[in-house]
Amino acid sequence: MTSLKKLAVNSAIWTLAGYGTGQIIRFGSNLILTRLLVPEYFGIMAVLNTLRLGLELFSDIGIGQSIIQNKRGGEAAFLKTAWTLQVIRGGGLWLMCCLLAWPASLVYGQQFLWLVPVIGLVSLIDGFGTVSIHTLHRDLALDKYTLFDLLTQTLGVLSIVLLALWWPNLWALVIGGVLGSLLRLLAGHLLFPSPNNRFAWDQSCFQEIYAFGKWLFAATALMFLADQSDRLILGKLFSFQMLGIYSIAYTLANMPREVIKTLGYRVIFTTISKQADLPRSQLRDKIVRQRLRLLLLLAAGLAVLTCIGDQVIDFLYDERYEPATWMMPILCLGIWFSILFNTISPALLAVGKPLYSAQSNLARLMLILIGLPLGFHLGGVLGAVIAISFSDLFPYMVVLYGLWREKLLCIIQDLQTTAVFVGVLTILLTLRYHLGWGTPIDFLLTGS
């Protein structure tokens, strides 16, 4: 194995192990919090976090990605300029949260007048984070980053749980989130100190970041609208209680998608960026070989999750969350298109073509804006969930076009692995039915 391949494999293992451990931490805290707090609070937090993340993504100029992709990404001048931009952006985001608070309170309720500025402190604090985190990504030193991430996740979760035990109120979730960001900031500077966390400005470095980030800005802004607009729309179509229940189902069903998005950014994008100068046919062959193993693994895992996800929810949560049992398998089915999309789209970004990311996110946004209200109108909650489930189909088709243009198309592999996913799922569902366990959507069909 080449040194780069060893680094990539090692990084992938650490990323998967870190993601799995992180999920255990999050779900453990989620189980505790759902017993301490009412579902309404989780619905409100879904809207709050969506608003904050929306502002972040609408102002993303690809600082971290530029450090990873740019040949000057390891230079002191480049890193200092990047950190300066990061701080400026963090301060601007908090000010935007303050400005957004009043209109948000008119739409979602008076309490948002105070909740939005407080949750916006997370963005302000994150702006001062150490630039060394991006350097770890660039160097594929994901063992160090994963351990750091797990440490700060644990501290953040403990903060929220302890606050909720002492003060079982919505503010425990909000203040706990801010405290978690502060702990991450302090831990980052203590564990990974860097002389590059300084205010400085190099115009040539800024221009290179801007040149790469202008299309990434459009891509991430559209990604927010595509990925998060369902919460904002559902916040008006659903009650906060139903939105909280939907959030539980979506979080569980979305695990494979989050796994591959994490791998895509931390490993696939970084690895391909280091090989972007290869002839396209050679680069495509390398991508296809490594991607096949990952797709087969994810196909089997997603089939299992689709088959038993309803039972997992039924086991973990009380009767208040029963509607999530039928939402889970429907949401899981559409995740397959997300997997196909997220295992190949980083290649286009790595070869310096963020335009296709913007186009694919626009396609998903249009499907959400049109399909979600239409689905709810035609089929109520079920119709809305189906529309969300298959919202990654159109972005995937757009990326196929970009891959064809860039000579990186691998449609045959996609068809083959899709057949594997359908086959494994069919076998598992048949086995489940003959064992007398019914189907994953029995609650939808019978109401019990």
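## A loop residue, some salt bridges and a leucine patch

At 13% relative accessibility, Asn196 counts as buried (buried means under 20% relative accessible area, exposed over 50%, and partly exposed in between, with a 1.4 Å probe and protein chains only). You'll find Asn196 in the loop between α8 and α9 (203–237). Helices here are DSSP runs of H or I with at least four residues, strands are E runs of at least two, and both are numbered from the N terminus. Leaving aside residues up to four places away in sequence, Asn196 touches Ala76, Leu79, Lys80, Trp83 and Val131, where a contact is heavy atoms within 4.5 Å.

A quick word on ground rules: this is a predicted model, where local features need pLDDT of at least 70, side-chain atom pairs count only at pLDDT 80 or more, and totals for chains, interfaces and linings use all residues. Residues are numbered from 1 along each chain as its sequence is written, and side-chain values use heavy atoms, with hydrogens and water left out.

**Salt bridges**

How many salt bridges are there? The count comes to six, with a salt bridge being a side-chain nitrogen of Lys or Arg within 4 Å of a carboxyl oxygen of Asp or Glu. Here are some of them:

| Pair | N to O distance |
|---|---|
| Arg184 and Asp149 | 3.1 Å |
| Asp285 and Arg284 | 3.6 Å |
| Arg432 and Asp310 | 2.9 Å |

Take the pair Arg432 and Asp310, whose side chains meet at 2.9 Å. Arg432 sits in helix α17 (residues 411–434) and Asp310 in helix α12 (residues 280–316), so this pair ties together parts that are 122 residues apart in sequence. Both ends are tucked away: Arg432 is buried with a relative accessible area of 4%, and Asp310 is buried at 8%.

Now look at Arg184 and Asp149, which meet at 3.1 Å. Arg184 belongs to helix α8 (residues 170–191) and Asp149 to helix α7 (residues 142–166), so the pair links parts that are 35 residues apart in sequence. Arg184 is partly exposed at 25% relative accessible area, whereas Asp149 is buried at 14%.

As for Asp285 and Arg284, Asp285 is partly exposed at 37%, and Arg284 is partly exposed at 28%.

**The leucine patch**

Back to α7 and α8. Which residues make the nonpolar surface patch of about 620 Å²? They are Leu151, Leu155, Leu179, Leu182, Leu186, Leu190 and Leu191. The elements giving two or more residues to this patch are α7 and α8, and α8 provides the largest share, five residues. Leu182 is in helix α8 and is partly exposed, with a relative accessible area of 37%. An α-helix has 3.6 residues a turn, so residues three or four places apart point the same way.

Patches are built from residues with over 30% relative accessible area and no salt bridge; like charges are joined within 9 Å, and nonpolar side chains (Val, Leu, Ile, Met, Phe, Trp, Tyr) within 5 Å. The areas come from the Shrake-Rupley method with a 1.4 Å probe, and for residues only the protein chains shown count as cover.

**Helix α17**

After α17 comes Gly436, whose phi is positive, near 85 degrees.
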